[in-house]
Amino acid sequence: MRKLGKDFLLPAADIEWIQAWGNYVNLHVRGHDYPLRSTMAAIERRLDGKRFVRVHRSYIVNLDFVQTITPLESGEARIGLSTGGEVPVSRRYRDALKQLSMA
């Protein structure tokens with residue numbers, strides 16, 4: 001990752017969730033956002049599929065931080081993270097998340 005003209009490494013295990021943001025993805029780590037010029041598909045291919053799960057068109061979550069999964073009346077869900085954050089889960093990804101979180 002590059003910030004202020006310097007490259008630095010960010011341990012994948014520290015990433016709580018990832019959010020698509022235009023031509024960037026924001027890596028959420030310990031209350032901070034780190035923008036990275038990439039696509040969600042490219043990031044998803046580089047991550048451990050047993051730890052990081054796509055839960056929405058615009059979100060990938062680290063299962064190590066998932067504390068609760070709350071179903072919503074719309075058929076979607078909301079993930080509560082151990083760090084206090086929340087991430088939406090779309091209907092398309094909800095069943096896959098359930099299976100992974102129960103494994």
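Which residues have the most contacts inside the largest nonpolar core? They are Val-55, Ile-79, Leu-81, Val-87 and Leu-97, in a core of 13 residues. A nonpolar core is a set of buried Ala, Val, Leu, Ile, Met, Phe, Trp, Tyr and Cys residues joined through side-chain atoms within 4.5 Å. Buried means under 20% relative accessible area, exposed over 50%, and partly exposed in between, with a 1.4 Å probe and protein chains only.

The model is predicted: local features need pLDDT of at least 70, side-chain atom pairs count only at pLDDT 80 or more, and totals for chains, interfaces and linings use all residues. Residues are numbered from 1 along each chain as its sequence is written, and side-chain values use heavy atoms, with hydrogens and water left out.

The protein has 2 helices and 10 strands. Helices (H or I, at least four residues) and strands (E, at least two) are DSSP runs, numbered from the N terminus. From that end, the order of elements is β-β-β-β-β-α-β-β-β-β-β-α. Of the 103 residues, 37% are buried. The accessible surface comes to about 6,700 Å², by the Shrake-Rupley method with a 1.4 Å probe; for residues, only the protein chains shown count as cover. Carbon and sulfur atoms hold 49% of this surface. Contact means heavy atoms within 4.5 Å. Among contacts with a separation of 6 or more, 32% link residues 24 or more positions apart.

β9 supplies the largest share, 3 residues. In soluble globular proteins, nonpolar side chains tend to be buried together.

Val-55 belongs to the largest core. Leaving aside neighbours within four places in sequence, Val-55 is in contact with Val-61, Ile-79, Val-87, Pro-88, Val-89, Ser-90, Tyr-93 and Leu-97. Ser-90 lies in the loop between β10 (86-89) and α2 (91-102). Ser-90 counts as buried because its relative accessibility is 12%.

Five strands form an open sheet, in the order β5-β4-β3-β7-β6, with antiparallel pairing. Two strands pair if DSSP finds at least two bridges between them. β5 (32-36) and β6 are the edge strands, and each pairs on one side only. From one strand to the next, the twist averages 25°. Here axes are lines fitted to C-alpha atoms, for helices over the stretch in contact, and angles run from 0 to 180 degrees between N-to-C directions.

Within this sheet, β3 (residues 17-21) and β4 (residues 24-29) run antiparallel and are joined by 5 bridges. Trp-21 has Tyr-24 in β4 as its bridge partner. β6 is mostly covered, with 4 of its 5 residues buried. A hairpin of 2 residues leads from β6 to β7. These two strands run antiparallel and share 4 bridges. Arg-54 has Ile-60 in β7 as its bridge partner.

Another hairpin is formed by β8 and β9, with 5 residues between them. In its turn, Gly-75 has a positive phi of about 95°. β8 (residues 66-71) pairs with β9 in the antiparallel sense over 5 bridges. Val-66 stands opposite Leu-81 in β9.
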